Amino acid sequence: MALNDSHLTEHGLEIKGSGRILLIACGALAREILDLKALNGWDHMDLTCLPAKLHLYPEKITEEVSKAVTKHRSSYATIFVVYADCGTGGLLEVACKELGVEMVSGPHCYSFFEGNERFASHSESEITAFYLTDFLVRQFEAFILKPMRLDRHPELRDMYFGNYEKLVYQAQTDDPALTEKAKAAANTLGLAFERRFTGYGDLKTTLAKL
């Protein structure tokens, strides 16, 4: 399936397939989930994604996920929400419990890509780290530069990132071109660079249980 990151950011992904389990995910995870489905033959799972840009407005995530569950629940035996807390302050977890659906564990995708236990073990020592995933490297301008107006006002950089020390690129794939883009992003933000290959982390092990 050909995917367009800009479309995933603005519109998400419509359902294709006829499985018995529906995954409702963030558009930023579409490529990774579809890759896992293809690699593992998970034809019993269908995927729909909400627009990735909801992460710029986390207060809207719970409502939009709830709408999607309500819309599709009569068509599937099981619905699984592929969002972590993602800045909802626990509201998404409460909504999922009320709706009777499960969701990915963890505070955010940076945690479950690295593995929640491993991420928690060093999170306090990395409070000055800024994280990017494959998707966010590809969409660096749309999610970082433009929303923060750094494309027009680069002088704002130190106000936003002055307390950060390094950019950690959590690589889901081994792509030299993405690594170079991530290095360029770190340079743009004035941060040291670290590449950390995570693969799919807890996303893979969680979906494998469905």
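Which helices and strands each supply at least two residues of the lining of the largest pocket? Point 5 takes this up.

1. Basis. This is a predicted model: local features need pLDDT of at least 70, side-chain atom pairs count only at pLDDT 80 or more, and totals for chains, interfaces and linings use all residues. Residues are numbered from 1 along each chain as its sequence is written, and side-chain values use heavy atoms, with hydrogens and water left out.

2. Five-stranded sheet. Five strands make an open sheet, ordered β1-β3-β2-β4-β5, with mixed pairing. β1 (13-16) and β5 (102-103) are the edges; each has a single partner strand, so one side of each has no neighbour in the sheet. Helices (H or I, at least four residues) and strands (E, at least two) are DSSP runs, numbered from the N terminus. Two strands pair if DSSP finds at least two bridges between them. Within this sheet, β2 (residues 21-26) and β4 (residues 78-82) are parallel, with five bridges. I21 sits opposite T78 in β4.

3. Helix α2. Helix α2 (residues 30-40) packs on this sheet and touches β1, β2, β3 (45-50) and β4. Its direction makes about 175° with that of β3. Contact means heavy atoms within 4.5 Å. Axes are lines fitted to C-alpha atoms, for helices over the stretch in contact, and angles run from 0 to 180 degrees between N-to-C directions. The buried residues of α2 are A30, E32, I33, L34, L36 and K37. Buried means under 20% relative accessible area, exposed over 50%, partly exposed in between (1.4 Å probe, protein chains only). An α-helix has 3.6 residues a turn, so residues three or four places apart point the same way. Just after α2, G41 has a positive phi of about 65°.

4. Three-stranded sheet. A second open sheet has three strands in the order β6-β7-β8, with parallel pairing. β6 and β8 (192-197) are its edge strands, each pairing on one side only. The twist from one strand to the next averages 25°. Four bridges join β6 to β7 (residues 166-171), and six join β7 to β8. V168 of β7 faces two partners in turn: Y131 stands opposite V168, and V168 stands opposite E194 in β8. On β6, A129 and Y131 point one way, F130 and L132 the other, and all are buried. In a regular strand the side chains alternate between the two faces of the sheet. Helix α10 (residues 176-189) lies across β6, β7 and β8, at about 160° to β7.

5. Largest pocket. The opening question is answered by α5 (109-114), β6 (129-132), α7 (134-138) and α8 (140-145). The largest share, four residues, comes from α5. The pocket holds about 630 Å³ of space. It has 29 lining residues; closest to its centre are H55, Y110, Y131, L136 and I144. On a 1 Å grid over the protein atoms alone, a pocket is an open set of points where a 1.4 Å probe fits, with protein on both sides within 12 Å along at least five of seven lines; lining residues have an atom within 4 Å of a point. Grid points are joined across faces, edges and corners, and the volume is the space filled by probe spheres set on the points.

6. Cysteines. The structure has zero disulfides. The cut-off is a pair of cysteine sulfur atoms within 2.5 Å. For C49, the closest cysteine sulfur is in C26, 7.3 Å away, which is too far for a bond. C49 is buried at 4% relative accessibility. C86 is in no disulfide either; the nearest cysteine sulfur, that of C109, is 6.4 Å away. C86 is also buried, at 12%.

7. Positive phi. Most residues other than glycine have a negative phi. C86, in the loop between β4 and α4 (91-99), has a positive phi near 55°. R149, in the loop between α8 and α9 (157-161), has a positive phi near 65°. R149 is partly exposed, with a relative accessible area of 40%.

8. T9 lies in helix α1 (residues 5-10) and is buried, at 5%. Leaving aside neighbours within four places in sequence, T9 contacts P51, A52, K53, F135, Q139 and F143. T205 lies in helix α11 (residues 201-207) and is partly exposed, at 43%.
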